[in-house]
Amino acid sequence: MTRPDARETRSADQRASDLARDLPALIAHAKSEAPAMRDALADVSPAAVTDRAALVRLPVLRKSDLVAAQAARPPLGGYAAFRDGQVRHYFQSPGPIYEPAGRGADWFRLGRFLRASGVGAGDLVQNCFSYHLTPAGMMFESAAEAVGASVLPAGTGQTELQARAAADLGVTVYAGTPDYLRVILEAADADGHDLSRLTRATVSGGALFPSLRAAYADRGIACRQCYATADLGLIAYESDAMEGMIADEDVLIEIVTPGTGDPVPQGEVGEVLVTSFNRDYPLIRFATGDLSAVLPGTSPCGRTNLRIKGWMGRADQTAKIKGMFVRPEQVAELVSRVGGAERARVEVDRAGEQDRMVVRLEGSGMDADAAADAVRAALKLRGEVVLEAPGALPRDGLVIEDKRSYD
């Protein structure tokens with residue numbers, strides 16, 4: 001097992017002290033150097049934001065905000081804080097939305113993940129992430145450079161050639177989506193190539209099913225995964241302890257009720273918000289649109305940072321009901337309108353050939369008529385309203401559950 005570094009093993013007290021120093025500095029920097037952040041945080045005093053409790057009072061930044069801002073203020077919408085000439089790459093993701101990369105070493109910080117996976121000098125990484133427009137290929141390229149490994153920049157496709165190259169060059173590490181490695185291994189088997197030197201896989205960008213991980217293990221390949229995005233770089237990663245995913249040292253993760261910025265109780269599923277301490281691109285309370293939950297305790301590997309359970313679905317649960325879009329933000333507004341309400345869940349299915357909406361409100365002391373009025377005001381639709389006792393709704397992160405079959 002790769003030994004953690006000093007930052008990864010900080011005590012809870014040291015982490016709190018460092019956060020009290022770093023969080024105000026980040027916010028002050030963002031307000032000073034990123035025009036859009038200056039506008040969004042105009043009423044925020046950086047000195048007052050020293051911990052998670054204070055951070056909760058800041059607005060949530062959503063990808064839709066970036067898209068709109070980039071259209072109005074290209075190329076990066078005023079959210080970047082680069083000095084002239086310091087952007088090394090621009091990338092394009094579906095939307096389209098544009099992301100930068102700076103000139104610093106391992107700018108996306110995935111070297112921490114490779115190091116935790118046992119990758120280092122002497123390894124040859126077959127990088128099967130795309131190098132075209134999107135940043136994943138360069139994210140793993142810079143990570144391999146940070147840990148001293150060599151790289152075969154394979155990209156995607158040409159599987160038979162990839163299998164031969166892996167055998168001829170003695171590739172020791174695969175980097176790519178979880179399922180593409182299986183395709184390469186099958187091609188190698190079919191053509192008689194020996195890939196026995198390939199003993200580690202570092203994956204992201206898709207679901208790593210337990211059966212697939214086990215199949216790799218049966219071939220002597222230890223498969224580890226990370227959670228990263230084009231906007232934020234590394235968010236969390238697995239270690240050999242194989243208990244959840246450990247937060248990167250340069251981000252702060254919050255788990256909130258979808259459509260809001262309100263933290264959920266520890267262990268409950270919610271949307272992942274990330275504050276990045278990257279001073280080139282200081283995104284604060286950025287909503288990833290992904291669901292996860294905090295895993296209590298610390299990792300047996302010795303790394304002490306917060307752990308999450310990994311990717312647990314999408315928080316963007318927008319559904320079209322009776323021709324109208326209903327979004328998580330509207331469900332959050334509904335809760336705020338109903339006295340005594342603590343949670344809500346919108347369920348939609350079909351009754352005959354029509355959509356049927358049931359709104360379940362959890363809380364105490366709620367008034368049924370007032371709740372029905374609030375549903376119409378917040379969701380712009382009529383539906384059945386069911387008042388539930390505290391604790392009745394599932395804690396699975398869903399605020400809109402679409403039960404309709406589209407088969």
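**Strands, pockets and backbone**

Author: I253 has V274 of β11 as its bridge partner. Helices (H or I, at least four residues) and strands (E, at least two) are DSSP runs, numbered from the N terminus. The model is a predicted one, in which local features need pLDDT of at least 70 and side-chain atom pairs count only at pLDDT 80 or more, while totals for chains, interfaces and linings use all residues. Residues are numbered from 1 along each chain as its sequence is written, and side-chain values use heavy atoms, with hydrogens and water left out.

Reader: How many bridges join β10 to β11?

Author: Six bridges join β10 to strand β11 (residues 270-276), and the two run antiparallel. Two strands count as paired if DSSP finds at least two bridges between them.

Reader: Which strands make up the open sheet of three, and in what order?

Author: The order is β10-β11-β12, with antiparallel pairing. β10 and β12 are the edge strands, each pairing on one side only. From one strand to the next the twist averages 30°; axes here are lines fitted to C-alpha atoms, for helices over the stretch in contact, and angles run from 0 to 180 degrees between N-to-C directions.

Reader: And over how many bridges do β11 and β12 pair?

Author: Four, in the antiparallel sense. Within β12, L291 stands opposite E271.

Reader: How many residues of β12 are buried?

Author: Seven of the seven residues of β12 are buried, so β12 is largely enclosed by the rest of the structure. Buried means under 20% relative accessible area, exposed means over 50%, and partly exposed lies in between (1.4 Å probe, protein chains only).

Reader: Turning to the open sheet of nine strands, what is its order?

Author: The strands follow the order β4-β3-β5-β6-β7-β8-β9-β14-β13, and the pairing is mixed. Its edge strands are β4 (150-153) and β13, each of which pairs on one side only.

Reader: Which strands does α6 lie across?

Author: α6 lies across β3 (124-127), β4, β5 (173-176), β6, β7 and β8 (233-237), and runs at about 175° to β3. A136 is found in this helix, α6. With a relative accessibility of 21%, A136 counts as partly exposed. Apart from neighbours within four places in sequence, A136 is in contact with F129 and S130, where contact means heavy atoms within 4.5 Å. A136 and G176 are 40 residues apart in sequence, and their C-alpha atoms are 8.7 Å apart in space.

Reader: Now the pockets. What is the volume of the largest pocket?

Author: About 1,300 Å³. On a 1 Å grid over the protein atoms alone, a pocket is an open set of points with protein on both sides within 12 Å along at least five of seven lines, whereas a cavity is a set where a 1.4 Å probe fits but cannot get out; lining residues have an atom within 4 Å of a point. Grid points are joined across faces, edges and corners, and a volume is the space filled by probe spheres set on the points.

Reader: Which residues lie nearest the centre of the largest pocket?

Author: Y227, T229, T288, D290 and R314, out of 48 lining residues. Elements that each supply at least two residues of this lining include α6, β7 (222-229) and β12 (286-292).

Reader: What about the second largest pocket: how much space lies in it?

Author: About 850 Å³. It is lined by 41 residues, with L19, R52, L252, N305 and L306 closest to its centre. α1 gives the largest share of that lining, nine residues.

Reader: Lastly, the backbone. Where is the cis peptide bond, and what is its omega?

Author: The bond from P74 to P75 is cis, with omega near 5°. P75 is in the loop between α4 and β1 (87-93).

Reader: And R285: what is its phi, and is this residue buried or exposed?

Author: R285 has a positive phi of about 55° although it is not a glycine. It is located in the loop between β11 and β12 and counts as buried, at 1% relative accessibility. K380 also has a positive phi, near 65°, but K380 is exposed, with a relative accessible area of 54%.
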